[in-house]
Amino acid sequence: MTAAIASTGSAPEDPGGGAGVGHAGSGRTASGRSARTVDEVITLLGSHGYLAARGLATSVLLALELGRPLLLEGEAGVGKTELAKVLARALDTGLIRLQCYEGLDIAQAAYEWNIPRQMLEIRVAEAAGRASDEGLARSLYRRDLLIERPLLRSLTESPRPVLLIDELDRADEPFEAFLLEILSEFQITVPEIGPIRANDPPVVILTSNRTREIHDALKRRCLYAWVDYPDAARELAIVRLKVPNAGERLAAQVVAFVQEIRKLDLFKAAGIAETIDWTNALVALNTLELDPASVRDTLGVLLKYQDDIARMQTGEIDRILETLHAAGRLE
């Protein structure tokens, strides 16, 4: 089997149209091009602005090959959500995103009945003297009266979309139990009408920042990848790609500084997203190279907790800059 990834076209963050993609193993997309190896996946994702580590690219390829959901765990800001967005563009299909939060339920995530339409049909039946009709109750639970929310829409949309279930750890644990049927059978059972199955299962990406543990039953239904902070070389390549107007000297210094502060015991280490934001901020301030004043003035772009900022301002900034200078990493 070969997993098919289109190398042309783009898709908006909301569901949209695009060239069709067959089941895993079909080998080709509507554009006639495909990625069949890990190296090709790395190249393809890179062409859409995502520099994936080899292990992560391998997980993506296997998820497509085997038709299995992929669970991505890692710290916030390391690129888990961005991977799903880029994958949708690479597959030349739509992205359906379910943002998880505490209290999320089936009506918001999967489906709900169109109650206003049902009430209208009841009133019409009453006016026509059919209120006691035995068939009325059954007619109120027709497929066309079912409002599709993200999970159900991902099973019925064509061509198959990328379904992003984002920050699953923020949802309540019982919600995970509802996902088990979707992740294993690619179907949702609606009690009133029975199971609704996907003719062409979506590509499913789940993300978690590990604010709580995901249940083993859900993990067993997924392939798994830990998305770590990048090494210095890859982070520098990312900064060059995302902030092309940053000077080579400034970009290298920013990455060296961020790599160093990740070694500290901070409440929340800076992610790749913060590295990019900080570089953009320094460029906007016409900063050509790092110095204690420029770091201190913009630290709130890089770190988002006051205790971390306060710690850095009590000598850590100067110490790190001196360490990097002594090692020749600020030259």
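Buried means under 20% relative accessible area, exposed over 50%, and partly exposed in between, with a 1.4 Å probe and protein chains only. The model is predicted: local features need pLDDT of at least 70, side-chain atom pairs count only at pLDDT 80 or more, and totals for chains, interfaces and linings use all residues. Residues are numbered from 1 along each chain as its sequence is written, and side-chain values use heavy atoms, with hydrogens and water left out.

View 1. Leu155 is found in helix 7; helices (H or I, at least four residues) and strands (E, at least two) are DSSP runs, numbered from the N terminus. The relative accessible area of Leu155 is 3%, so Leu155 is buried. Leaving out residues up to four places away in sequence, Leu155 touches Phe186, Gln187, Ile188, Ile196, Arg197, Ala198, Asn199 and Pro202, where contact means heavy atoms within 4.5 Å. Between Leu155 and Phe186 the C-alpha to C-alpha distance is 7.0 Å, and the two are 31 residues apart in sequence.

**View 2. The largest nonpolar core.** A nonpolar core is a set of buried Ala, Val, Leu, Ile, Met, Phe, Trp, Tyr and Cys residues joined through side-chain atoms within 4.5 Å. The largest one has 35 residues, and Leu151, Ile165, Phe175 and Ile188 have the most contacts inside it. Two or more residues each come from strand 2, strand 3, helix 7 (150-156), strand 5 (162-166), helix 8, strand 6 (187-190), strand 8 and helix 9 (216-220). Helix 8 gives the most, with 6 residues. Apart from this core lies another, of 31 residues, among them Leu61, Leu87, Leu91 and Val162. Leu151, leaving aside neighbours within four places in sequence, is in contact with residues including Leu98, Ala109, Ala110, Leu163, Ile165, Phe175 and Ile188. In soluble globular proteins, nonpolar side chains tend to be buried together.

**View 3. Aromatic pairs.** Rings of Phe, Tyr and Trp (its six-membered ring) pair if their centres lie within 6.5 Å; planes under 30 degrees apart count as stacked, over 60 as edge-to-face and the rest as tilted. By this rule there are 4 aromatic pairs. The ring centres of Trp113 and Tyr141 are 5.0 Å apart and their planes stand at 90°, so this pair is edge-to-face. This pair links distant parts of the chain, 28 residues apart: Trp113 lies in strand 3 (residues 111-113), and Tyr141 in the loop between helix 6 (134-139) and strand 4 (146-148). Trp113 counts as buried at 12% relative accessibility, while Tyr141 counts as partly exposed at 35%. For Phe175 and Phe178 the ring centres are 6.3 Å apart and the planes are at 35°, so the pair is tilted. Both residues lie in helix 8 (residues 173-185), 3 residues apart, about one turn of the helix. Phe175 is buried at 4% relative accessibility, and Phe178 is buried at 17%.

View 4. Five strands form an open sheet in the order 2-5-8-1-9, with parallel pairing; two strands pair if DSSP finds at least two bridges between them. Strand 2 (95-99) and strand 9 are the edge strands, each pairing on one side only. On average, neighbouring strands of this sheet are turned by 20° against each other, direction ignored; axes are lines fitted to C-alpha atoms, for helices over the stretch in contact, and angles run from 0 to 180 degrees between N-to-C directions. Strand 1 and strand 8 run parallel and are joined by 4 bridges. Glu73 has Ser208 of strand 8 as its bridge partner. Helix 2 packs on the sheet and touches strand 1, strand 8 and strand 9; the direction of helix 2 makes about 165° with that of strand 9.

**View 5. Helix 2.** The expected span of a helix is 1.5 Å times one less than its number of residues. For the 13 residues of helix 2 (residues 54-66) this gives 18 Å, which agrees with the 18 Å between its end C-alpha atoms. Its buried residues are Leu56, Ala57, Ser59, Val60, Leu61, Ala63, Leu64 and Glu65. The elements that cover them include helix 1 (38-47), strand 1 (70-73), helix 3 (80-90), strand 8 (203-208) and strand 9 (223-226). Gly67, with a positive phi near 65°, follows helix 2.

**View 6. Helix 11.** Helix 11 (residues 248-261) is mostly covered, with 11 of its 14 residues buried. Among them are Leu250, Val254, Phe257 and Ile261. The cover includes helix 10 (232-242), helix 12 (272-284) and helix 15 (306-326).
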